[in-house]
There are 2 protein chains.
Amino acid sequence: MNMLQGLAVASLVISGRCCFAQSDTGSTDSLLLSWNEGPSKAAITGFVQRVTKMGGNDFIPVPARIAVFDNDGTLWTEQPMYNQLAFALDRVKDMAPQHPEWNTREPFKSIVAGDLKKALSGGEQTAAELLAATHTGMTTEDFERIVQEWIASAKHPRYQRPYTECVYQPMIELLSYLRAHGFKTYIVSGGGIEFMRPWTEKVYGIPPEQVVGSRGKLRFEMRGERSVIIKLPEIDLVDDHAGKPVGIQQLIGRRPIAAFGNSDGDLEMLQWTTSGDGPRFGLIVHHTDAEREWAYDRQSHVGHLDKALDAATTRGWTVVDMKRDWKRVFPFDKP
Amino acid sequence: MNMLQGLAVASLVISGRCCFAQSDTGSTDSLLLSWNEGPSKAAITGFVQRVTKMGGNDFIPVPARIAVFDNDGTLWTEQPMYNQLAFALDRVKDMAPQHPEWNTREPFKSIVAGDLKKALSGGEQTAAELLAATHTGMTTEDFERIVQEWIASAKHPRYQRPYTECVYQPMIELLSYLRAHGFKTYIVSGGGIEFMRPWTEKVYGIPPEQVVGSRGKLRFEMRGERSVIIKLPEIDLVDDHAGKPVGIQQLIGRRPIAAFGNSDGDLEMLQWTTSGDGPRFGLIVHHTDAEREWAYDRQSHVGHLDKALDAATTRGWTVVDMKRDWKRVFPFDKP
């Protein structure tokens with residue numbers, strides 16, 4: 001592309017949104033450097049070309065170009081366990097000295113002892129207790145600080161790098177590519193909304209107000225002249241499965257035209273997105289690369305992908321074969 | 001301003017957001033045409049100048065420039081009754097032929113008979129029944145259509161014009177002015193989120209995803225190959241008083257730097273906004289103009305303004321005197 005085109009694309013990507021993006025896919029294909037040529041890349045660029053072609057039958061105006069992305073397993077790795085669970089476990093270890101009562105109480109006792117299997121054997125009740133102890137009872141601003149400190153220092157157990165580097169380079173490029181074509185990009189994740197917002201702008205170019213996630217109830221409180229919002233231990237929305245379209249409607253209020261996921265938890269979001277009128281796009285990241293990342297689908301309990309994989313065939317969603325379609329998985333991989 | 005400046009401002013206003021807006025208040029003062037010179041206008045432009053001055057002590061980067069506006073009584077008229085209540089009453093009259101059981105049931109019986117006082121004498125229970133009957137039990141898309149049809153045809157009883165013309169011209173200009181300086185403008189209203197979203201983009205330049213409001217619970221549902229979201233009769237959030245900071249945190253996830261309201265229902269939003277660190281701005285529209293609009297505050301039950309008016313003095317919020325500060329109230333007024 002020439003210099004002027006380059007500048008235009010750069011400024012669009014930086015601003016996060018443009019208001020005049022027309023079909024010009026040729027000059028921005030360079031944003032998809034880590035994608036191999038093939039059916040997945042062709043499906044993406046073909047869709048974007050169709051909906052951005054001024055005067056075309058499938059043209060969609062900029063304000064309606066809403067794209068929603070799952071986070072765990074779609075934008076960053078979710079193996080060997082959800083990163084937010086690693087955060088909760090680290091929090092328990094950090095907080096344990098102030099909680100002598102945890103010495104005799106599960107799941108805390110086993111977490112501190114390093115017996116993860118036993119700690120997590122209690123099912124949903126245990127998970128709720130773990131979440132309440134580590135994610136609630138403080139102000140939203142205190143929690144934000146805690147997350148920022150953790151994300152700046154914690155390392156992924158396999159790659160020994162910050163979690164924010166264990167993100168999928170081709171998906172980061174896809175986010176930029178869509179924004180360069182006038183799309184507004186959102187995260188719609190089963191993960192905690194307050195756990196993601198402190199770092200998504202820096203890592204994905206997605207500001208806090210474009211993050212939808214699971215959330216607990218909140219309470220506003222005056223403390224003298226200051227005001228705070230307290231995180232309460234009751235669930236307000238589980239933004240997973242049928243909760244995803246609900247979260248989208250609550251926070252965005254428009255039906256997206258493109259959705260990107262990787263597991264059955266994304267099925268309803270994909271259905272909601274692709275069964276609207278006009279051109280729609282659905283995509284599933286299929287983890288097929290045990291060498292560079294992980295290979296899992298129907299049998300996995302992390303990122304379980306079964307019904308949504310079947311639905312992809314009948315509904316014409318694009319299935320990304322990580323091994324085949326991605327030149328590199330992580331930013332630190334050699335291309 | 002010269003042509004290039006003009007074009008730049010115009011494109012910023014159209015795009016709804018800019019990413020490089022610096023202090024240049026002189027060239028955009030023309031956006032505040034309907035404001036008389038005086039302390040209110042000076043407070044607004046002074047604040048915007050301070051936070052947009054590159055290199056200044058009070059400079060705030062564009063992504064943090066979040067401004068929140070109440071709707072009823074702040075952006076459009078809320079007298080003689082909330083416009084959404086007028087909508088609900090019209091709905092009852094429209095729906096009555098399909099509901100013979102309403103002939104003997106309050107508040108429906110009195111609404112159809114035109115006895116509004118009796119209809120609304122039942123308090124909260126009645127209001128909840130009215131809301132459930134007129135706002136729930138259909139899909140979000142059906143409700144959107146109903147609102148669009150009503151807003152296109154209904155007329156305000158005093159001005160005999162569409163409700164969307166009974167908006168405050170100086171506040172419309174203020175929204176544009178803030179956006180021209182890199183602010184992202186949000187509505188945060190006690191009114192129903194799904195009642196506002198169908199028309200706020202056209203009327204205020206505020207897209208659906210920047211509207212926060214009261215909301216009911218939702219349920220996602222597949223209907224054959226199609227998918228819908230159903231509006232349920234249970235309340236999910238009352239976005240008023242202490243619910244406003246909660247709604248802001250849920251949907252925006254950042255503490256705003258400027259808040260605009262007109263009643264005690266906005267008090268907590270103003271407190272949440274202005275007690276953050278760094279420069280903050282709070283403003284209350286005081287209805288002082290019975291001739292062009294209405295005059296009301298401490299004694300009114302619509303737009304009750306009492307505690308927030310006292311707080312304005314102690315906390316240094318700007319109080320707009322409608323009669324003194326506004327050259328015209330509505331777009332249709334002679335300037």
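Predicted model: local features only at pLDDT ≥ 70, side-chain atom pairs only at ≥ 80, totals over all residues.
Biologist: By what turn can chain B be laid on chain A?
Modeller: Two copies of a chain are related by a rotation about an axis and a shift along it. Here the superposition leaves an RMSD of 0.0 Å, with a shift of 0.0 Å along the axis, and the turn is 180 degrees. The two copies are thus related as by a two-fold rotation axis.

Biologist: Which residue of chain B has the C-alpha nearest the axis?
Modeller: The axis in question is the one about which chain B is turned by 180 degrees to be laid on chain A. In chain B, the C-alpha nearest to that axis lies 2.8 Å from it, and it belongs to B:Leu251.

Biologist: How many residues of chain B are in contact with chain A, and what percentage of the contact residues of chain B recur in chain A?
Modeller: On the side of chain B there are 45 residues in contact, and they meet 45 residues of chain A. The same surface serves both copies, since the share of the contact residues of chain B that recur in chain A is 100%.

Biologist: What area is buried between chain B and chain A?
Modeller: The size of an interface is often given as the accessible area lost when the parts come together. In chain B, the residues that lose the most area to chain A are B:Glu209, B:Phe220 and B:Gln250, which together give 17% of what that side buries. Carbon and sulfur atoms give 48% of the total between the two chains, and that total is about 3600 Å².

Biologist: Which residue of chain B forms a salt bridge with A:Lys184?
Modeller: The count of salt bridges between chain B and chain A is 12. In the one formed by A:Lys184, the closest N and O atoms are 3.0 Å apart, and the partner is B:Glu209.

Biologist: At what angle do the axes of helix H11 of chain A and helix H10 of chain B cross?
Modeller: The contact is made by A:Gln249, A:Gln250 and A:Leu251 on the side of H11(A), and by B:Ile193, B:Glu194 and B:Arg197 on the side of H10(B). Sorted by kind, these residues divide into two nonpolar, two polar and two charged. The axes of the two helices, residues 243-251 of chain A and 193-204 of chain B, come within 10 Å and cross at roughly 60 degrees.

Biologist: Is A:His241 buried, exposed or partly exposed?
Modeller: A:His241 lies in the loop between strand E4 (226-237) and H11 of chain A, and it has a positive phi of about 50 degrees although it is not a glycine. Most residues other than glycine have a negative phi, and most peptide bonds are trans. Because buried means under 20% relative accessible area and exposed means over 50%, the value of 37% makes A:His241 partly exposed.

Biologist: How many residues of helix H12 of chain A are buried?
Modeller: The buried residues of H12(A) include A:Leu267, A:Met269 and A:Trp272, and A:Glu268 is also one of them. The helix, residues 267-274, is largely enclosed by the rest of the structure, because the number of its eight residues that are buried is eight.

Key
Residues numbered from 1 in each chain as written. Chains lettered and ligands numbered in written order. Heavy atoms only, no water. Least-squares fit on C-alpha atoms with pLDDT ≥ 70 in both. Contact = heavy atoms within 4.5 Å. Axes fitted to C-alpha atoms, helices over the stretch in contact; angles between N-to-C directions. Helix = DSSP H or I, 4+ residues; strand = E, 2+ residues; numbered from the N terminus. Nonpolar A, V, L, I, M, F, W, Y, C, P; charged D, E, K, R; others polar. Buried < 20%, exposed > 50% of the residue type's maximum accessible area, 1.4 Å probe, protein only. Buried area = accessible area lost by both parts, 1.4 Å probe. Salt bridge = Lys/Arg side-chain N within 4 Å of Asp/Glu carboxyl O.
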